[in-house]
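Hi there,

Here is the structure I promised to pass on to you. Please open it alongside this email and read the notes with it in view.

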Amino acid sequence: MPELPEVEAARLALEEHCVGKRIVRCSAAEDTKVIDGVAPSRLEAALVGRTIAAARRKGKNLWLVLDSPPSPSFQFGMAGAIYIKGVELSKYKRSAVSPTEEWPSKYSKLFVELDDGLEFSFTDKRRFAKIRLLDNPEAVPPISELGPDALCEPMQLDDFVQSFGRKNAPIKSLLLDQSFMSGIGNWMADEVLYQARIHPMQTSSKISKEKCKALHRCIKEVIEKSVEVGADSNEFPENWIFHSREKKPGKAFVDGKKIDFVTVGGRTSAYVPELQMLDGADAAAANRSKKGRDKVEENVGKTSKKGQKAALKEGGKAAQKTDVDEEEEDDKPAKRRAKGAKALPKKVVNTRADDHEEGEDEDEESKPAKRGRKRPAKGPSKKEGCSSDDEDSAGKEETVVAAKRPQRKKR
């Protein structure tokens, strides 16, 4: 995201090309996420006809002082940028707008035309920036809550050292705290800590006086150099960690030394373990933490090995059981066929000889008998006029009833 050098480059460009000129036309985007606390139409009306008296900055915030209040202020967010038509400015890689794109850009949030025909635009691709209209930008948040500007209001060395002695936060988190010192962002914090040879997780109050002095000097040198080249990263010294801090782990090196990454205060931090080592109690705590992690990893490894062995053992048992089940399944049809082969056809006995002719009896006897169990045939009751002789004969005779098919046992 744009940090002090990028915002200062934009301020210098506005100061050089726009101060002293009158605004004749203005267009604000209908984007309430970026245009904060004011209607776009009111913002336009407040700017047209006013003359730009100065361009000011504190930390990563910029505002234009007009010949009368209110003033437009710009908080750059993740990808905010100022572009002046026909003027070359440093293009921060996340906010660069291609020269072949329409003007003003489709990402423009505030477009301004001046009385001499010069035009400038504030753009934001990611919509994290804020444009506000304030009577006195320095007297209200977020600018009023900022600490001393790292470039314009540098802390004296003694105050710098004493302020560190009262802070127990990691040094990287403290440098990113805009209420402590404004203007330093993620890449600048990584750079000054690398130059001063301080680990980003080192507790601020436990940094030696000598390293505090080195850090104070490095902050001044890094800011001055980056502003001197207009925040053009191609002009940064080759031995800066900046050029490799966004490479993948294992492929990031500076001066032949490996760059490692650690998360501090929710931000990814690049550092060189060989040069930036923890001191004193922080080093001891890091060693204990590392031993604890190693022990946990060792226990996890042992557990996973046991789990693998158990899984293999269970897998072998399951495979054996599957083989046995398959063999039993293959045997079952053969057994059923064997049972079927033993069954002999039974002759069907005619239960009512007087109702059938002899030829029909022969035909029934020649047909294969149905399998089944025998049960006494029900003859006509006495109430129906059946004689005792008929009852005797009916009792002796049998009929064939189809048997139920045996159910297969569930496996």
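Below is what I found, from the whole chain down to single residues.

**The chain overall**

Please keep in mind that this is a predicted model. The chain contains 9 helices and 14 strands. Of its 411 residues, 35% count as buried. Among contacts with a separation of 6 or more, 66% are between residues 24 or more positions apart.

The largest nonpolar core has 33 residues, and the members touching the most others are Leu-14, Leu-43, Ile-84, Leu-110 and Phe-120. Helix H1 (residues 4-17) supplies the largest share of this core, with 4 residues. There is also a second, separate core of 32 residues, which includes Ala-150, Val-192, Ile-207 and Ile-219.

Leaving aside residues up to four places away in sequence, Leu-14 touches Val-19, Ala-55, Leu-62, Leu-64, Ile-82, Ile-84 and Phe-120.

**Helix H5 and its surroundings**

Helix H5 deserves a look of its own. Because 10 of its 11 residues are buried, H5 is largely enclosed by the rest of the structure. The buried ones are Asn-186, Trp-187, Met-188, Ala-189, Asp-190, Glu-191, Val-192, Leu-193, Tyr-194 and Ala-196. What do these buried residues of H5 pack against? Their partners are H1, helix H4 (171-176), H6, strand S9 (253-254) and strand S12 (267-271).

Asn-186 belongs to H5, and its relative accessible area of 11% makes it buried. Beyond residues up to four places away in sequence, Asn-186 is in contact with Glu-3, Lys-172, Leu-176, Arg-245, Arg-267 and Thr-268. Asn-186 and Ala-270 are 84 residues apart along the chain, yet 9.5 Å separates their C-alpha atoms.

At the other end of the helix, just after H5, Arg-197 takes a positive phi of about 60 degrees, although Arg-197 is not a glycine. This residue sits in the loop between H5 and H6. With a relative accessible area of 32%, Arg-197 is partly exposed.

**How the helices pack**

Two packed helices are described by the angle between their axes and the distance between the axes. I have two pairs for you, and H6 takes part in both.

The crossing of H5 past H6 is right-handed. On the H5 side the contact involves Trp-187, Met-188, Glu-191, Val-192, Leu-193, Gln-195 and Ala-196, which meet Ala-214, Leu-215, Cys-218, Ile-219, Val-222, Ile-223 and Ser-226 of H6. By class, the residues of this contact are 11 nonpolar, 2 polar and 1 charged.

For the second pair, the axes of H1 and H6 come within 9 Å and cross at roughly 40 degrees. That angle makes H1 oblique to H6. H1, too, passes H6 in a right-handed crossing. Leu-4, Pro-5 and Glu-8 of H1 make this contact with Ile-223, Ser-226 and Val-227 of H6. The contact of H1 with H6 has 4 nonpolar, 1 polar and 1 charged residues.

Which peptide bonds are cis? One joins Trp-103 and Pro-104, with omega at about -5 degrees. Pro-104 is in the loop between strand S5 (80-84) and strand S6 (108-114). Another runs from Pro-141 to Pro-142, with omega near 5 degrees. Pro-142 is in the loop between S8 and helix H3 (157-165).

Asp-255 is not a glycine, but it has a positive phi of about 55 degrees. You will find Asp-255 in the loop between S9 and strand S10 (257-258). At 55% relative accessibility, Asp-255 counts as exposed.

**One more loop residue**

Lys-125 lies in the loop between strand S7 (119-124) and strand S8 (130-134). Its relative accessibility is 36%, so Lys-125 counts as partly exposed.

Happy viewing, and best wishes

How values were computed:
Residues numbered from 1 in each chain as written. Predicted model: local features only at pLDDT ≥ 70, side-chain atom pairs only at ≥ 80, totals over all residues. Heavy atoms only, no water. Core = buried A, V, L, I, M, F, W, Y, C linked by side-chain atoms within 4.5 Å. Buried < 20%, exposed > 50% of the residue type's maximum accessible area, 1.4 Å probe, protein only. Contact = heavy atoms within 4.5 Å. Axes fitted to C-alpha atoms, helices over the stretch in contact; angles between N-to-C directions. Left-handed = near helix turned anticlockwise from the far one by under 90°. Nonpolar A, V, L, I, M, F, W, Y, C, P; charged D, E, K, R; others polar. Parallel < 35°, antiparallel > 145°, perpendicular 65-115°, else oblique.
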